[in-house]
Amino acid sequence: MLTNNRRRSSPPILRWCLLGAPLFSVMTASSFYWNRLPPHRRKRCCTSIRRHQLHSDGNVASIKQHTVLHQQANIYNNHNEPSWNESFGLYVHIPYCRRRCNYCDFAIVPIGNTVSGGDEEDKTTRSLGFRAFDEDYKSAIINEINMIGKSSHGRKIPLRSIYFGGGTPSLAPLSTLRDIMHALLHSDSAPFQLLKIDDGNNETAEVTIEMDPGTFNKKFLQSIKDYGFNRISLGVQSFDDNLLATMGRVHRSADIYSSVKMIAEVFGEDKANYSIDLISGVPGLTLAGWTEALYKAVNLRPKPKHISVYDLQVESGTTFGKWYADMEEKEDDEEEANVMARMPLIPPSLSLHPSLPSADDCAFMYRYASGYLRDSNNNYEHYEISSYALRDENGRPHRSKHNQIYWEIGGKWYAIGLGATSNVNGMRYSRPRALSDYISWTKALGGNNDTNEPPWMSNVSEQDTNQTVDKDDALLDIIMTRLRTSDGLDLDWIANNNEYGDSYVEAIMKGVKFFEDTDLVTVSGRNIKLKDPDGFLFSNNIISNIFAELDDDAD
């Protein structure tokens, strides 16, 4: 969850001192609830949703967890029109990056600095080594697609969204993107089809591609539009060139403005559907700098239809992890972490690297973003902990259709590519993260001519990457993902489900009672919602207490 993005080892509640003395009792009690939680539940609650699967828009190494839901996936019958709720999402991983950013621990392949243009342009600017590698990776992707086609037995799988993430998919040659889209949707053996439902509620299929500023030109944009992409996720992260340099980003502020201008020219001022990412908690970021970043974001023209706001997570093994390793080791101790949260930061002049913002400042950044973006002058809906959707002239928000699949009850999605994780038939399956392993794995798939189910749909697998989910773990995932959203958790669904029932509802209600009394949770009828922003800030602790009550009830 957001409140634990910076230090996963200690209870996140200790860091939100900004909320002040009136909530000190909340902090004390929440720490108690945290310590009650069994280690495996604590780990589950502390793990944020893995961006490679949830893809909360843009190239941000900030959210980490594979979500697993328990409902069976149903491929629709050709004789019946599929409904929106019967459809799937599809994630395609393109691992290319210009270089590894200082916060990134994703499955990527650095390929150097380049700008994608037309196919002929790519041939002259890309090295022979990269082009050969890209052909191998494209073949691996298509092998996976073909295997899905075999398993669907000629039936088209309905998709409400396709998401090309990475990495930086805008670094891929146009021919690669074109051939993958053809294999997915247009070839004789293509296993998927996009839903074509327009009921007046903006329910049309969404096809998103992640792009970094400075990695594409107008010709590239026109081509991907022709291929069927109708939404762009632009990895902005910051408008401050110094902060971009600190993060290890290649682009600069000028690239952001020129990229938005090109998007408007190709897709149209009114029809340009793009999202941007911003990262708070970055080393060297000040409160004034954060307010300026939000101001610049909402004043882009055309205005972004979606904004994702992430708190930086310092991951071990990354450049930031090495820079701030001493701080992480100290914060492993809860008591010392509590003391540190009240101590001034080391003056920048005495440090080799910019200081991380304090816990108080990070809390302020989150709360300020929520208030500022929800203000009527800006008109964004805060529909998920890290996600804001611009409302149209009819008041309908431009939520990410792809991300909502991961947060809904019974959401199901296919995933293709290096390190990608799918959830089909109640099975979570993670593909190899090492490039050579992934390519070998797909070659083996392509040479498999038997009638066995593919590994991502089978309970039997040679790898330890295939996991079924028991009913209690499935419920925990549902609780965690639903409480991330402004729609909240539907208790009637739990009460009326044969796997659960009223006893589970009673345990959940016990888990939120304290937080309801302290005005962090709203219980309205049979629905539980976390209040915005404070309930979202304390989300880990609220959810961990629910988990603890469910464990106690099971005992």
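# Rings, cores and helices

The charged end of Lys412 lies over the ring of Phe88, 5.6 Å from its centre. Lys225 does likewise with Phe267: its charged end sits over that ring, 5.8 Å from the centre. A charge sits over a ring if NZ of Lys or CZ of Arg is within 6 Å of the ring centre and within 35 degrees of the ring normal.

This is a predicted model: local features need pLDDT of at least 70, side-chain atom pairs count only at pLDDT 80 or more, and totals for chains, interfaces and linings use all residues. Side-chain values use heavy atoms, leaving out hydrogens and water, and residues are numbered from 1 along each chain as its sequence is written.

Now the whole chain. The protein chain has 21 helices and 18 strands. These are DSSP runs numbered from the N terminus: helices are H or I with at least four residues, strands E with at least two. Of its 555 residues, 60% are buried. Buried means under 20% relative accessible area, exposed over 50%, and partly exposed in between, with a 1.4 Å probe and protein chains only. Take the contacts (heavy atoms within 4.5 Å) with a separation of 6 or more: 73% join residues 24 or more positions apart. The accessible surface comes to about 21,400 Å², and carbon and sulfur atoms hold 48% of it. Such areas come from the Shrake-Rupley method with a 1.4 Å probe; for residues, only the protein chains shown count as cover.

Next, the interior. In soluble globular proteins, nonpolar side chains tend to be buried together. Here the largest nonpolar core has 93 residues. A nonpolar core is a set of buried Ala, Val, Leu, Ile, Met, Phe, Trp, Tyr and Cys residues joined through side-chain atoms within 4.5 Å. Phe164, Leu184, Leu221 and Ile307 touch the most other members of the largest core. Helix 5 (residues 128-151) gives the most to this core, with 8 residues. A second, separate core has 33 residues, including Tyr366, Met480, Leu483 and Ile508. Leaving aside residues up to four places away in sequence, Leu184 touches Leu90, Val92, Ile145, Phe164, Ala190, Pro191, Phe192 and Ile416.

Ile224 is in helix 7 (residues 218-227). At 0% relative accessibility, Ile224 counts as buried. Beyond residues up to four places away in sequence, Ile224 touches Leu174, Leu177, Ile209, Met211 and Phe229. Its C-alpha lies 7.9 Å from that of Arg178, 46 residues away in sequence.

Turn to the aromatics. The structure holds 23 aromatic pairs. Rings of Phe, Tyr and Trp (its six-membered ring) pair if their centres lie within 6.5 Å; planes under 30 degrees apart are stacked, over 60 edge-to-face, and the rest tilted. The centres of the Tyr137 and Tyr438 rings are 5.8 Å apart with planes at 45°, so this pair is tilted. Tyr137 lies in helix 5 and Tyr438 in helix 16 (residues 435-446), so the pair ties together parts 301 residues apart in sequence. Both tyrosines, Tyr137 and Tyr438, are buried.

At 52% relative accessibility, Ser436 counts as exposed.

Finally, helix 17 (residues 471-483). Its 13 residues reach 18 Å from first C-alpha to last, close to the 18 Å expected at 1.5 Å a residue. The expected span is 1.5 Å times one less than the number of residues. Helix 17 is mostly covered, with 11 of its 13 residues buried. Among them are Asp473, Asp477 and Arg482.
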